[in-house]
Amino acid sequence: MGVLLITPERCTSCQACELACSFAHEEEFNPERARLSVMFWDHEAHSVPVMCLQCEEAACLAACPAQAISEDARTGARLVNHTRCIQCQTCMNVCPFGCTWYDTQGRKILKCDLCDGDPECAKVCPSGAITSVDRTSVNVSRRKQAASKLKAIMSQGIWP
Amino acid sequence: MAMTFGWRGQFLRVNLTSGKLRTEPLRPEEAKDCIGAHGLAMHLYGKDVPVGVEPGSAENALILATSPLTGTLLPNGGHYSVVTRATQGARLSCANLGGAWGPELKYAGFDAIVVQGKSAKPVYLWIIDGVAELRDAGHLWGKSVRECGDLLRAEIDKKAHVCCIGPAGENRLCVAAIVSDAKFASGAKGVAAIFGEKNLKAIVVRGTGGIRLARAAEFMATAQRLRHDSATTLLLGKGSRLQGPVLLVTSVAEDTEALPSDGVQPRSCFGCTTVFSSFADDSTGETIARFHVESLPQVDAGQLREQRAFVDLGLDYVSAKTMLASGKSDDTQDQVELAGRLARGELGEKTEAEVKPGEVGNSGCVVGGYVLVPAIATGELGDDSGAALAAAESAGCCPFAAALMKAPEIASLLRSATGMDYSPEDILRAGRRIATAAGK
């Protein structure tokens, strides 16, 4: 099962993720209809991509009155069944991250589906700000980085 | 309107004298021969403007054009062109700008804008999803590009993108630059002075429409391969070299002492893949520049602030510095204050009308706010590297990545995007024509 990992300090605000997402799902290049979005703080020169985190205790899944949101056991994604969906937008209201929204052009709920396990946003991200990693190896590189500091101390013989 | 692929199939015609706006169809079959961007803008200019018009006259047109690939996943493909006649008797002046303005224009439903006439008072053009209007810009006149962008986004739409001029452009200086979203500037041959001449302060766009392609899978396969290559190959091809004093890349936040290497995020244009790339000298193979940052220890915060101040005034950094150095100033004076006086026309420097052909070149562009990227020297006239660069720029690609975008790649992307038939020979032929017309 994969998960999307964000490393915001690597984001260059190029918006390729939004283009890849809208192209894969809506067959058009249109950041407005992407299922993730890059948030900008232009004056501070910061940007952070945000997308559905596929919560284990997903508010959207719990709140959906039509039982249209369910877990994909294989990919771990919380999927919207557009046939069942009654477009009441309750999921949009309860999402604590604001990462489920309504597409006024396609008249449907837009929510990250992890592209059936192979996310397009991670494939096009040129800087590694968005990566698709296995749940079992998530953050291994960050743990290793933290551990390497202790290793450096050990190798200097300071540590008993 | 018929369904078009790649193209949006229409352009906006603006007459500033009468204040009339009109949407006109852009037939892809007609636009095919000129690729897009530079080529399309020149084609539209040539169709509308008689030979020999004065740069300052109302008949002179100002064309902003995108390519069928602008706003797609083309690597480094967010570029658009601004073409006008800025110097008397010379060739047309072409500026190439990045940032998200070009893609946004396409999402708003237009491939290009043709601006004609001359407004009696300062105006700005506001475009949203196929609808456009001219608005009074009295309150924006004299404002820096950053203030202008902030004011416009606050009063219209906070997600809008702004292409504007600063005080330097208003005063029709030959060293003025057009600035896109306060970050991406091009000072090519006085184009910004024509904005000032026409009393056009800014063009603001917002679009929520999408760009559809004819053959999605085929396009994505080629685009992904090129995106991968651009991140892993050295970028300078034969015949092109980086010139200029420094190459600093990435940006730092406003009002900060932080240098790029102090953990500040790198910034890039829309769709950029080269932000972590290296540039090598093709004769020695030595890395001469890098888009990210740790490799630039010689840069200091004062220099970055100075560049930011120049861009905010709507000045082209390299040529404005040259002008200040050769003019009535000495190095001991505060360069930023001097630049302010230059931009406001208080130094009595040469204006656009007095510039001789060839005097002001495309002296480079500013990327990501602070960063100065020197101009790329292209091959000799008639050499195919000039044609290849012109073709890549006309396809909406960044000149820095032009080495990747060879004619077969451009032809393949255009074929799958538009569904029309392009051959590599068509692309090179068009590139040669555009390069000759642009005097490159």
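User: What is the area buried between chain B and chain A, and how do I read such a value?

Analyst: The size of an interface is often given as the accessible area lost when the parts come together. Here about 2700 Å² is buried between chain B and chain A, with carbon and sulfur atoms giving 50% of that area. Buried area is the accessible area (1.4 Å probe) that two parts lose on being put together, summed over both. Before we go on: this is a predicted model, where local features need pLDDT of at least 70, side-chain atom pairs count only at pLDDT 80 or more, and totals for chains, interfaces and linings use all residues. Residues are numbered from 1 along each chain as its sequence is written, chains are lettered from A and ligands numbered from 1 in the order in which they are written, and side-chain values use heavy atoms, leaving out hydrogens and water.

User: How many residues does each chain bring to the contact?

Analyst: Chain B brings 37 residues and chain A brings 32 residues, where contact means heavy atoms within 4.5 Å.

User: How many salt bridges are there between chain B and chain A?

Analyst: There are 3 salt bridges between them; the term means a side-chain nitrogen of Lys or Arg within 4 Å of a carboxyl oxygen of Asp or Glu. One of them joins A:Glu28 to B:Arg212, with the closest N and O atoms 3.3 Å apart. On the side of chain B that touches chain A, the elements giving two or more residues are α4 (145-155) and α7 (216-232). Of these, α7(B) gives the most, with 5 residues. Helices (H or I, at least four residues) and strands (E, at least two) are DSSP runs, numbered from the N terminus.

User: Now the aromatic rings. Why is the pair A:Phe23 and A:Phe29 called stacked?

Analyst: A pair of aromatic rings is described by the distance of the centres and the angle of the planes. Rings of Phe, Tyr and Trp (its six-membered ring) pair if their centres lie within 6.5 Å; planes under 30 degrees apart count as stacked, over 60 as edge-to-face and the rest as tilted. The whole structure has 3 aromatic pairs over all chains. The rings of A:Phe23 and A:Phe29 have centres 4.0 Å apart and planes at 5°, so this pair is stacked. Ring pairs also link A:Phe23, A:Phe29 and B:Phe219 into a cluster.

User: Are A:Phe23 and A:Phe29 buried or exposed?

Analyst: A:Phe23 is buried, at 7% relative accessible area, and A:Phe29 is buried too, at 0%. Buried means under 20%, exposed over 50%, and partly exposed in between (1.4 Å probe, protein chains only).
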